[in-house]
Amino acid sequence: PVVMMADYAHDHGAEFTGFGTDGRFFGRLAESPVPFVSFWVAYGAANLLTVDNALVLDAPRRLAVVATCLLQGIDAGVLIQSALYRGDLRGKQRWSLPFVGLFAALAVQVGLGANGRLLALSLPGAALVIAGQVTVFGDRIRGDYFMQHGGKKNNPNPIVYSYGEPLFMTGWILLSLAMAYPSPASNFAWP
């Protein structure tokens, strides 16, 4: 819902204020980077909990996941999103490189659970999220076309039900399944 609100607001004319959009559709807070970054941090923090409700704070890999999620939230929710709002294609491209790198790092960090077997879920998951994002950016009203025209011209042929969405969601499901798998730090045993 957070991405949907920000994207809808921008695509339908909400003005960039320097920190999100003007709030005309969902309010200033919902259209700012705050919910986006917060949910990224919450997603990373979820890996600190085991299935038997233990909190794991002494596992460097798990703490690295939280740090990576924080950086990803800032990169995607503040830097890339601000470049998009300004119609700054070069800025979007510049910050998209760390986005891909951080997603790859997250996939490896999550995938190393269960002796690396979870890489079979996390790597394709990250690749599908990225592929979905690339596709959706191309299909949006104010996506790649908007930026290629200096933020002055909306996409005349946007695709609302883009195939980028199922790619994006399938990727998140795979990555989340990998993160949710019981780890050796847990005392959980399958019946």
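This is a predicted model: local features need pLDDT of at least 70, side-chain atom pairs count only at pLDDT 80 or more; totals for chains, interfaces and linings use all residues.
Is Phe 25 buried, exposed or partly exposed?

Let's start with the rings. Searching the whole structure turns up 10 aromatic pairs. One of them joins Tyr 8 and Phe 25: the ring centres are 5.3 Å apart and the planes stand at 90°, so this is an edge-to-face pair. Tyr 8 belongs to helix 1, while Phe 25 sits in the loop between helix 1 and helix 2 (33–45), so the contact ties together parts 17 residues apart in sequence. And here is the reply to my opening: Phe 25 is partly exposed, at 33% relative accessibility.

Now move over to Tyr 43 and Trp 172, another edge-to-face pair, with 5.1 Å from centre to centre and 85° between the planes. This one links distant parts of the chain, since Tyr 43 is in helix 2 and Trp 172 in helix 7 (residues 164–180), 129 residues apart. Both of these residues are buried. They also belong to one aromatic cluster, together with Trp 40, Phe 99, Phe 103 and Phe 168.

On to the charges. How many salt bridges does a search of the whole structure find? The count is five. Arg 140 lies in the loop between helix 5 (119–139) and helix 6 (144–148), and Asp 7 in helix 1 (residues 2–11), so the bridge ties together parts that are 133 residues apart in sequence. Arg 140 counts as buried, at 7% relative accessibility, and so does Asp 7, at 17%. Asp 11 joins in as well: Asp 7, Asp 11 and Arg 140 form a network of salt bridges.

For two other examples, look at Arg 24 with Asp 22, at 2.7 Å between the closest N and O atoms, and Arg 86 with Asp 88, at 3.4 Å. Here the residues are partly exposed: Arg 24 has a relative accessible area of 48% and Asp 22 is at 26%, while Arg 86 has 45% and Asp 88 is at 23%.

Finally, charges and rings meet at Phe 137. The charged end of Lys 92 sits over that ring, 4.4 Å from its centre. Our friend Arg 140 also lies over the face of Phe 137, at 5.9 Å from the ring centre.

Definitions and conventions. Residues are numbered from 1 along each chain as its sequence is written. Side-chain values use heavy atoms; hydrogens and water are left out. A salt bridge is a side-chain nitrogen of Lys or Arg within 4 Å of a carboxyl oxygen of Asp or Glu. Helices (H or I, at least four residues) and strands (E, at least two) are DSSP runs, numbered from the N terminus. Buried means under 20% relative accessible area, exposed over 50%, partly exposed in between (1.4 Å probe, protein chains only). Rings of Phe, Tyr and Trp (its six-membered ring) pair if their centres lie within 6.5 Å; planes under 30 degrees apart count as stacked, over 60 as edge-to-face and the rest as tilted. A charge sits over a ring if NZ of Lys or CZ of Arg is within 6 Å of the ring centre and within 35 degrees of the ring normal.
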